[in-house]
Amino acid sequence: SLYYVFTVLFIYFTYISTVQTTDCLHLREQCIKAGNGCKSVWNVVEDACNISVLGNRCKAEDTVGCNRIIQVLADKYPEFKNCVCTTDDICNITTLLGKWCSIDKENINMETKLQWSLSALSKQAYTTNRSCLDVNRECIEDEVCNKQLSLYLKACSVNKKCNVEGCQAAIRFFYQNMPFEVAQMMIFCDCIRSDESCHRAKELLHGKPCAVTVVPPPSCLNVIHMCEENESCRKKYTTFRSKCWRHVTKKCYNDEACLETLIKDDMPCSANADCKAAYISNWGTMLHMECSCQNLPLVEQPLCELFHHMLHSKSCFS
């Protein structure tokens, strides 16, 4: 219970009250090393604030609930007051974690890439037409891949309420830190229609349904327009379009009236390694989400179908 949580924390922080610090990281480390039950209590706080989700360390799923717990923590234990609250007496998750939100990101990415370099899968050359069931099995049997896959699947679990942003962050972390050959093997795997086990494995590897499937699906026009309003997504989309659909970029750039005049057959895809890398970079963003052109006015259908073709056509990679 919450009462038990703060009772244990009170006992612990009374014990360390002689340590004057404004560093929440230091307090956290002391708590974890204390061996008096504080670690398990801190885990409750982390779970409540959702700060251990891969790739989403500084964004609480329930911000209001998380900040309420931190506020109580600061009110009850002065040791925390200096490191969780600003001069405006606003106590929040980002302040609590301080530098932890930024300093570890590059180190974690580098460490993960180093681990992948020790994986047997990283030595395999990419071959086309792999079964997703076989790819999934090989990943599970590989120690490095299995560890990274488990972290990703935990964030995208369908057994609890889907946290779309957390799942998308986990997908980005999973695919963008692994070797390019392994990413291709997983992303471009496929299944024959009758193989249900393979299709289940494919859904797991490809972030479905949590980060990909929305009911009802957004229109592909809305997906592109929302992406263009987000700086990070806009950069990925610009790179993807220039690497995979050079003809579109060269002829029309962002002119939607011009784009409407194009037809799919007049849109060759480069399908080279740069294009595949740009496509993989889209995973874990809104560009990866399934979209539709149904129920749109007829005048908007051609442009919508063009965007759908660009985002989800298999012509580039089959």
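**View 1. Helices α14 and α17 pack against each other in this predicted model.** Helix α14 covers residues 231-244 and α17 covers residues 273-282; helices here are DSSP runs of H or I with at least four residues, numbered from the N terminus. The two pack at about 155 degrees with their axes 8 Å apart, the axes being lines fitted to C-alpha atoms over the stretch in contact and the angles running from 0 to 180 degrees between N-to-C directions. That makes the pair roughly antiparallel (angles over 145 degrees).

**View 2. Here are the residues where α14 meets α17.** From α14 come Lys 236, Thr 239, Phe 240, Lys 243 and Cys 244, and they meet Asp 274, Cys 275, Ala 278, Tyr 279, Ser 281 and Asn 282 of α17; contact means heavy atoms within 4.5 Å.

**View 3. Gln 148 sits in helix α9, residues 143-155.** Gln 148 counts as buried because its relative accessibility is 3% (buried is under 20% relative accessible area, with a 1.4 Å probe and protein chains only). Leaving out residues up to four places away in sequence, Gln 148 touches Thr 112, Gln 115, Trp 116, Phe 173 and Phe 174.

**Notes.** Residues are numbered from 1 along each chain as its sequence is written, and side-chain values use heavy atoms, without hydrogens or water. Local features need pLDDT of at least 70 and side-chain atom pairs count only at pLDDT 80 or more, while totals for chains, interfaces and linings use all residues.

Conventions. Parallel < 35°, antiparallel > 145°, perpendicular 65-115°, else oblique. Buried < 20%, exposed > 50% of the residue type's maximum accessible area, 1.4 Å probe, protein only.
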